[in-house]
Amino acid sequence: MKYLILIQSNERSLAVWEQLTDEQRMEFGRGHLLLTDEMDKAGVRVASEGLADPSLARWVSVRDGRTVTSDGPFAEVKEHLAGFYLIDCEDLDEAIGWAAKVPDAAFTEVEVRPVLDMSGWEF
Amino acid sequence: MRRFGDFDTCEDAVQEALLAAAQQWPAEGVPASPRGWLITVASRRRIELLRSETARRRREEAIRYGPEPAPVSAVDDSLTLLLLLCAHPALSTGSQVALTLRAVGGLSTAEIARALLVPEATVGQRISRAKQKIRDCGATFSLPPPAEREARLIAVRQVLYLIFNEGYTASSGARLHRAELSAEAIRLARLLRAQLPEDGEVAGLLALMLLTDARRPARALPDGSLVPLAAQDRSRWDAAAIAEGVALITATLASAPIGPYQLQAAIAAVHDEATRAQDTDWPQILQLYGMLHALSPGPMVQLNRIVALAEVHGPVLALAQLDLAEDDPALRGHHRVAAVRAHLLEKRGDLPAARAAYLTAARLTLSVPEQRYLLARAAAVGSPDGGPASAP
């Protein structure tokens, strides 16, 4: 079973970040590195990344066969995806266990979403 | 399957279930079954039980004369030992599957990664970690102590069935690579059976895989969409695999202590023997699910039993039992409950409620082909004429 652990950046998480000491921020970053390593050792990590600032995002659409890009409407966006872990583990309980180890969970919260797959039993 | 630990109790339970089933059948009335092997078996069991009076008496005798030799005691084949080691209880099922494919199946890490749809590094890590855990436990390449053997064999069968299902339930994407998993599981089950010819559950598992895999050519369309059993083109089923599976399960049911894989194989056999969906012997399937439920209760067995019940006794009774079944925490909010409810409501003719339940099931499932099927059903029952009865 694959699960995506989503880490959002929003006003609440930014406020928390503002209050952290340099030492705590270092600890936060190390926490992500250690978690990545632990997930690798357990054989559950499929992929994980942190995302660049949304001001660097481009919005892409295709109309009449032409690709149109624009800068995002970030002025009104209060929350954006900051990073994710894609893991493959036994069940939701195990996925929740991994999500609880994401450093952000100690300050705000992270989201666990099951991933759709192409398998299926006949009815 | 993981739930049953005490084999004696299970044995008693299934004997009682079989006895009850046999008594329910009228003395002269043989259900309209293309093959009477289930009835033959149950009658034979009843005679055995009557002869020995009670299962308790048999247990007392077993104590007096000493336990029967465990069927696993003859294990000395290295492949079987390797399978037992790979199913070590310290490992997660994911690790058991990866290690079995690597160590017993001989697949490369890359092949396993493609088949399980995870990165090669992840599989490599799982395998090396599994090996390390086995070393840490002090496990060796030798026979587990007698008390653990049957439990370990249960795990071996489960790992093989998981590998089979990984391949069988794939309907698109890396379909080809995954189909190889089913073939590999069948190959390993054949090898295990060659080493343990007396083990009824190994034989039952092999028969179940053969009888299920026989339907593969008809179970999905080229675009990956699922075809429900009732709508499959049965002329495309693999007749040779069905013949082999039916022969195997017939012989096994008549000779070995009955277990859950044998009962599931018998159910698959009843489906496979119906030339047309409307010829399916549902009363016999319902009986078999009743026995399976007595022997190895589980939420999915319960749901399948309710589907069979609807075919025999109609959707009203089945819906009432579904309401009760939903009290099981394992089923509450499960997409399969909503899917079964939708099917039963549709059968009852309550199309708006059926449509709502199909949409709920589609929202809750994690399977894309299932979601597509459920949405199509919702659309069909939502249309003015109700749509075709069981087309995908």
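Here are a few exercises on this predicted model, each with a worked solution.

Before you start: residues count from 1 along each chain as written, and chains are lettered from A in the order written. Local features need pLDDT of at least 70 and side-chain atom pairs count only at pLDDT 80 or more, while totals for chains, interfaces and linings use all residues.

**Exercise 1. Work out how helix 12 and helix 13 of chain B pack.**

Step 1: Find them. Helix 12 covers residues 239-253 and helix 13 covers residues 260-273; helices here are DSSP runs (H or I, at least four residues) and strands are E runs of at least two, numbered from the N terminus.

Step 2: Check the geometry. Their axes come within 10 Å and cross at roughly 135 degrees. Axes are lines fitted to C-alpha atoms, for helices over the stretch in contact, with angles from 0 to 180 degrees between N-to-C directions.

Step 3: Name the angle. Helix 12 of chain B is therefore oblique to helix 13 of chain B (under 35 degrees is roughly parallel, over 145 roughly antiparallel, 65 to 115 roughly perpendicular, the rest oblique).

Step 4: Pick out the residues. Helix 12 of chain B brings B:I242, B:G245 and B:V246, among others, to meet residues of helix 13 including B:A265, B:A266 and B:A269. Being in contact takes C-beta atoms, placed from the backbone, within 7 Å.

**Exercise 2. Describe the side of chain B that touches chain A.**

Step 1: Count. 25 residues of chain B are in contact with 17 residues of chain A.

Step 2: Look for the elements. Helix 5 (93-104), helix 7 (120-136) and helix 19 (368-382) of chain B each give two or more residues. Helix 7 gives the most, with four residues.

Step 3: Sort by class. The chain B side has 10 nonpolar, 11 polar and four charged residues (Ala, Val, Leu, Ile, Met, Phe, Trp, Tyr, Cys and Pro are nonpolar, Asp, Glu, Lys and Arg charged, the others, Gly among them, polar).

**Exercise 3. Is A:D64 buried or exposed?**

Step 1: A:D64 sits in the loop between strand 3 (58-63) and strand 4 (66-71) of chain A.

Step 2: Check the backbone. A:D64 isn't a glycine, yet has a positive phi of about 50 degrees.

Step 3: Count neighbours. A:D64 is exposed because it has 5 C-beta neighbours inside 10 Å (20 or more other C-beta atoms within 10 Å means buried, 12 or fewer exposed, in between partly exposed, with C-beta atoms placed from the backbone).

Conventions:
Contact = placed C-beta atoms within 7 Å.
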